[in-house]
Amino acid sequence: ASDVYKRQEYDLAAVEEIYDEIQFIMATQGYKLDDAKTTLNEAEILHTTRNGIEAFGVYDGERFEVLEGSRIGRTEYKSLSPAIARQRRSALKNGDVTDVNSEYVLNKSMSFSSPSSAAMFVLGASANGWAEWKSKDGKTLDKLFR
């Protein structure tokens, strides 16, 4: 028998969907599963360091996840959308973001609908996430995904 018959082929999208469902169900029962996305290869971890901010994230083609431990900007600039400003205030209020040595630090990974909304949350200002998030070797998310 050839190797083709020995290997089980998996539909990655279906596996990820099942994982997300399991993670949600476990969370409702009080269990926190480590997010598999945080174990991605380091080369896939993106960063932004503008204005001394040091935030990290991963993008799966649909959602952008800012990783736990990222430092985010304290200042909210006028260009920041009201919705993102509310999200930042809510994260501070509920403890997802805390003030550590005069720096805001993300205490858990947070998921965003776009790279730009993630960048705005982190920077406290209007931002183009496709240009803001970069790989370890300096390539923009736009160059990597588009």
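The model is predicted: local features require pLDDT of at least 70, side-chain atom pairs count only at pLDDT 80 or more, and totals for chains, interfaces and linings use all residues. Residues are numbered from 1 along each chain as its sequence is written, and side-chain values use heavy atoms, with hydrogens and water left out.

The chain contains 6 helices and 7 strands. Helices (H or I, at least four residues) and strands (E, at least two) are DSSP runs, numbered from the N terminus. From that end, the elements follow the order α-α-β-β-β-β-α-β-β-β-α-α-α. The chain has 146 residues, and 33% of them count as buried. Buried means under 20% relative accessible area, exposed over 50%, and partly exposed in between (1.4 Å probe, protein chains only). The accessible surface of the chain is about 9,600 Å². Carbon and sulfur atoms account for 51% of this surface. These areas come from the Shrake-Rupley method with a 1.4 Å probe; for residues, only the protein chains shown count as cover. Among contacts between residues at least 6 apart in sequence, 52% join residues at least 24 apart. A contact means heavy atoms within 4.5 Å.

An open sheet is built from 4 strands in the order β1-β2-β3-β7, with antiparallel pairing. Its edge strands are β1 (46-48) and β7 (110-112), each of which pairs on one side only. The twist averages 30° from one strand to the next. Angles run from 0 to 180 degrees between N-to-C directions, with axes fitted to C-alpha atoms. Two strands pair if DSSP finds at least two bridges between them. Strands β1 and β2 (residues 55-59) pair in the antiparallel sense over 3 bridges. Here L46 has G57 of β2 as its bridge partner.

The second largest pocket has a volume of about 150 Å³. Its lining includes N51, G52, I53, R71, I72, Y104 and L123. Strands β4 (71-72) and β6 (103-106) each give two or more residues to this lining. A pocket is an open set of points on a 1 Å grid over the protein atoms alone, where a 1.4 Å probe fits, with protein on both sides within 12 Å along at least five of seven lines; lining residues have an atom within 4 Å of a point. Grid points are joined across faces, edges and corners, and the volume is the space filled by probe spheres set on them.

Helix α4 (residues 115-123) holds S117. S117 counts as buried because its relative accessibility is 11%. Leaving aside residues up to four places away in sequence, S117 touches I84 and F112.
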